[in-house]
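Q: I have this model open and would like to talk it through. Could you take me around it?

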Amino acid sequence: MSQLKPVSHLDSIPSTPGKFKMDKSPYIHRLRWHSSLTKLTFWSFLFLGLILFFFLRSPSSPSPSDPSRRSLRTSNWGGPSWEKRVRSSARVRSRNGLSVLVTGAAGFVGTHVSAALKRRGDGVLGLDNFNDYYDPSLKRARQALLERTGVFVVEGDINDSALLRKLFDVVAFTHVMHLAAQAGVRYAMQNPGSYVHSNIAGLVNVLEVCKSANPQPAIVWASSSSVYGLNSKVPFSERDRTDQPASLYAATKKAGEEIAHTYNHIYGLSITGLRFFTVYGPWGRPDMAYFFFTKDILKGNQIPIFEAPNHGTVARDFTYIDDIVKGCLAALDTAEKSTGSGGKKKGSAQLRVFNLGNTSPVPVTQLVSILEKLLKVKANRLMLKMPRNGDVQFTHANISLAQKELGYKPTTDLQTGLKKFVRWYLSYYSSSGKKSAG
Ligand SMILES: NC(=O)c1ccc[n+]([C@@H]2O[C@H](COP(=O)([O-])OP(=O)(O)OC[C@H]3O[C@@H](n4cnc5c(N)ncnc54)[C@H](O)[C@@H]3O)[C@@H](O)[C@H]2O)c1
Ligand SMILES: *[C@@H]1O[C@H](CO)[C@@H](O)[C@H](O)[C@H]1NC(C)=O
Ligand SMILES: *[C@@H]1O[C@H](CO)[C@@H](O)[C@H](O)[C@H]1NC(C)=O
């Protein structure tokens, strides 16, 4: 699960293809006037030297863990046909439809939200950098799915401000659904920089571009239930303390909520943060327990189940993807307009935070029992003490605020949702011999 891949000199090519076109330099003008052979040779050498200097200075083998380098490799945008695809994907097809930029569109939640918006006639443009935190072929398969529904997913990084500005030049988005992030709790110990790159720098970049856009879009973005951290009062309500994060991931999400407050306060951006509680379902994330438990049960591998001290139960408020999608759409539909223009605040704007959970925590041991029944295979359980490296013992959402303001009402229990997940899993990983679950 490492993102460290050999990088080539291609990494040093700027993300704007236009940048490579040489402008007419004074040297070339002077060449026209003094065309003696010696001068021509002299200037040619100087020119060559300058080019060589330029290439040698840009490192040919940058540190592979530098996420900004990684992102440059995947940036490949611009040109008339590219703009045409962007426009057509973002075209609104229903009366009063929205025009939404969805970041992280090739991700689990992003794919479902993009497809749902497109289905009801909204304009949707996706953005994703297809990083290899988990198997990128799954992201490509989701992209292909979206392609079939008419959603174009631009390949690029949210921290690339030139790209984001370009997208806003081409399309006047009314809304941004910001789902791109470095997810995962334990991975932060391996690659802390990726959390800073996407969840802090990337978020700030998205908000910077939104604040400068005319008109400013309204923003809905994914925070996380992990902001509740070591909070032990249950169920978790939006007003509970969130100043004791238990992981760097949680800390970056909490920081995101504070950053959102700032951009709302200074620039009049309308911002809604959604605290998702353990989302699962078809096309899900291979780094999450329900997913790799399924894989390991089928393979006969031992599955590690965490136990709290004194055999305490570890439980999660598992939330089915369709319920989350409904919450996301309701957040977009109830978002008020941003009030700023020309990068300046003109009045106060909406700032909201909602829990999107299922309100019924299920012990992880029960998750395993349900999977055993659905897969008709006995799991090889290994009980382990929960390490203190990011995970919390339980999560439980109080969703009455989302219920009141968004009409949010989850309807899928874990048994029903897992049945749909398992059906998808079996068909996805059997339909092609080449695919393997990570
Ligand atoms: N799934 C959950 O249980 C859960 C729970 C709480 C919060 N969230 C949050 O919800 C959002 C969506 O989560 P998900 O489960 O779909 O995760 P995901 O990893 O499947 O999706 C995120 C997508 O964003 C892309 N991405 C990451 N960094 C990027 C960058 N710098 N530029 C462009 N694209 C980038 C990734 O390639 C990926 O496709 C995330 O913000 C996540 O933190 C998810
Ligand atoms: C994000 O992009 C900016 C330039 O736009 C760059 O200076 C910064 O280093 C990047 N941040 C990260 C963490 O990648
Ligand atoms: C749930 O949150 C609401 C506020 O949104 C609060 O009034 C209510 O008391 C909370 N319920 C519980 C059981 O904590």
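What follows is a conversation about the fold, the ligand surroundings and some backbone details of this predicted model.

Q: To start with, how many helices and strands does the protein chain have?
A: The secondary structure of the protein chain comes to 14 helices and 13 strands. Of the 438 residues in the chain, 42% are buried, and among contacts between residues at least 6 apart in sequence, 83% join residues at least 24 apart.

Q: Which residues have the most contacts inside the largest nonpolar core?
A: That core has 103 residues, and those with the most contacts inside it are Val 100, Leu 125, Met 177, Val 220, Cys 328, Ala 331 and Leu 332. Helix α11, which spans residues 321–334, gives the most to this core, with 8 residues.

Q: And what is Leu 332 in contact with, leaving aside its neighbours within four places in sequence?
A: Once those neighbours are set aside, Leu 332 is in contact with Leu 98, Val 100, His 175, Met 177 and Val 220. Among these partners, Val 100, Met 177 and Val 220 are also listed with the most contacts inside the core.

Q: Is β1 enclosed or open?
A: Strand β1 is largely enclosed by the rest of the structure, because 4 of its 5 residues are buried. It is joined by 5 bridges to strand β2 (residues 123–128), and the two run parallel, with Thr 103 standing opposite Leu 127 in β2.

Q: Switching to ligands, which residues come nearest to ligand 1?
A: There are 27 residues around ligand 1, and Gly 104, Gly 107, Phe 108, Ala 181 and Ala 222 come nearest. The elements that give two or more residues to this shell are α5 (108–119), α8 (192–212) and β5 (218–224), with the largest share, 3 residues, coming from α5.

Q: What does that shell look like by class?
A: Around ligand 1 there are 12 nonpolar, 11 polar and 4 charged residues.

Q: Which residues are around ligand 3?
A: Those are Pro 235, Ser 237, Asn 398, Ser 400 and Leu 401, and by class they divide into 2 nonpolar, 3 polar and no charged.

Q: What about the peptide bond from Val 234 to Pro 235, is it cis or trans?
A: The bond from Val 234 to Pro 235 is cis, with omega near -10°, and Pro 235 is found in the loop between β5 and α9 (248–267). A cis peptide bond also joins Asn 214 and Pro 215, where omega is about -5°, and Pro 215 lies in the loop between α8 and β5. As background, most peptide bonds are trans, and most residues other than glycine have a negative phi.

Q: Now α10: which of its residues are buried?
A: In helix α10 (residues 289–299), the buried residues are Ala 289, Tyr 290, Phe 293, Thr 294 and Ile 297.

Q: Why are they on the same side of α10?
A: They cover an arc of only 130° around the axis, so they lie on the same side of α10. In general, an α-helix has 3.6 residues a turn, so residues three or four places apart point the same way. The buried residues of α10 pack against β7 (279–280), β8 (302–307), α12 (364–375) and α14 (414–430). Just after α10, Gly 300 takes a positive phi of about 80°.

Q: Last one: where is Thr 149, and what is it in contact with beyond its neighbours within four places in sequence?
A: Thr 149 is in the loop between α6 (136–148) and β3 (152–155), and with those neighbours left aside it is in contact with Ala 115 and Lys 118. Thr 149 and Ala 115 are 34 residues apart in sequence and 6.9 Å apart in space, C-alpha to C-alpha. Thr 149 counts as partly exposed, because it has 14 C-beta neighbours inside 10 Å.

How values were computed
Residues numbered from 1 in each chain as written. Chains lettered and ligands numbered in written order. Predicted model: local features only at pLDDT ≥ 70, side-chain atom pairs only at ≥ 80, totals over all residues. Near = placed C-beta within 6 Å. Nonpolar A, V, L, I, M, F, W, Y, C, P; charged D, E, K, R; others polar. Core = buried A, V, L, I, M, F, W, Y, C linked by C-beta atoms within 7 Å. Buried ≥ 20, exposed ≤ 12 C-beta atoms within 10 Å, placed from the backbone. Contact = placed C-beta atoms within 7 Å. Arc of directions from axis to C-beta. Pairing = 2+ DSSP bridges.
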